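Please look at the sequence and the structure shown below, and keep both in view while reading the report that follows.

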Amino acid sequence: MDTQSYMPVPPGVGMEENFFSLDDILLSHERLPCRTDTAFPKLGFLEKAGETHDIPEGTKMEMPMWLAKGLYERKRHVISVELPKVYREGWRTVFGADANVVDLHKMGPYYYGLGSQMLHFENAENPEIAQSILQTFISRFRRTMDSSQNAYNEDTSVLVERLDCLERALFRSGQNGLNAFQLWERGRASQLTASSLVTNYRKRKITELQS
Amino acid sequence: MFCEKAVELVRELHRMSDGQLPAFNEDGIRQVLEEMKALYEQNQSDVNEAKTEGKTELIPTIKFRHCSLLRNQRCTAAYLYDRLLRIRALRWEYGSVLPTTIRFHMCAEELEWFNQYKKSLATYMRSLGGEEGLDITQDMKPPKSLYIEVRCLKDHGEFEIDDGTVILLKKNSQHFLPRWKCEQLIRQGVLEHVIS
């Protein structure tokens, strides 16, 4: 069993974000297609073309999610947020057909997280999006769990390659459980081991010396 | 776009998800603070302009910058906080004395924090279990016997055990030692616990 004393701040659940979570910060850095519904004077340099002094009304630009969330207001029209492709109807049909074949890492990698965050913006399709995310998770979960419980002592990179970040975390905890159980079965659970932090530091030092 | 530098800080920690402590990125922090200062000053002058000249069209821009300020604040706070979590973990993995390579990765305030944490933990442990105190960093796994068989993985020099005998920890030598004496050395990778 591996006792880890470093426990990072866990990401928030559902629509909540956790302020200190590194995962959530990176998730909220994902870019969303937006349209400005008002002019932003003096900020023209942020836009791709960057020739004008202002960002005029009606500009299409990509904004990180944290900014869209901060600027978005239901009553006043400051910006409108469009759905990223993966959450639109076309892709929802694909997920509905067989969610297992989709490479969620390429599509996301924060497919579930970003999808839940999209619900903050008013959109007629919101109920369908929520439903589709949930169904996708349910239909993929079985395979994730199976593979994490049965891949012992083998290269798992092929198995995790197509998983979303949330699924990867689940896969990892499944693997930790499996390894701990195998250790216990062989009567090794009470063996004292070197801290993984220490061994990893040493590995790094050796590679640094070699390069 | 604003806040790219701040996210870079967060990415740097996220890449080392196993809890290692990368060097304190003083330069990165400074750049973020500079960006924040610039954003704040621009906002101040625009707020004044909006107030005195009634330029309400500036408000979206002000809000835009304000969001960026908050974002920078969040990233920096998360960076510092996550580092503290890592530093706290070091106390439990390495014991109270850290190797110099790791100390070089900490800034002055972090070293100070580590020392304070060490003291708090020591005071707490002294207050437990009667006169002698209780070392709660020991026996992370329930012990099965008082003595255990260990093998030396590298030369560590002389080592004194409870009854006063001094033994030489030489590479590849094997010993039968009191468990509580060697638990830390095992964690540090000097000894290896042998189960036959």
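## Helix α1 of chain B

The buried residues of α1(B) are B:K5, B:A6, B:V7, B:L9, B:V10 and B:L13, where buried means that 20 or more other C-beta atoms, placed from the backbone, lie within 10 Å of the residue's own. Their cover includes α1 (22–27) of chain A, together with α2 (26–53) and α3 (59–94) of chain B; helices here are DSSP runs of H or I with at least four residues, numbered from the N terminus.

This is a predicted model, in which local features need pLDDT of at least 70 and side-chain atom pairs count only at pLDDT 80 or more, while totals for chains, interfaces and linings use all residues. Residues are numbered from 1 along each chain as its sequence is written, and chains are lettered from A and ligands numbered from 1 in the order in which they are written.

## Where the chains touch

In the interface, 38 residues of chain B are in contact with 38 residues of chain A, contact meaning that the C-beta atoms of two residues, placed from the backbone, lie within 7 Å. On the side of chain B that touches chain A, the elements giving two or more residues are α1, α3 and α6 (179–187) of chain B, and α3(B) gives the most, with 17 residues.

By class, that side of chain B has 18 nonpolar, seven polar and 13 charged residues, with Ala, Val, Leu, Ile, Met, Phe, Trp, Tyr, Cys and Pro counted as nonpolar, Asp, Glu, Lys and Arg as charged, and the others, Gly among them, as polar.

## A helix pair in chain A

In α3(A), the residues A:R92, A:F95 and A:G96 meet A:E128, A:S132, A:Q135 and A:T136 in α6(A). The residues of this contact divide into one nonpolar, four polar and two charged.

Methods: Buried ≥ 20, exposed ≤ 12 C-beta atoms within 10 Å, placed from the backbone.
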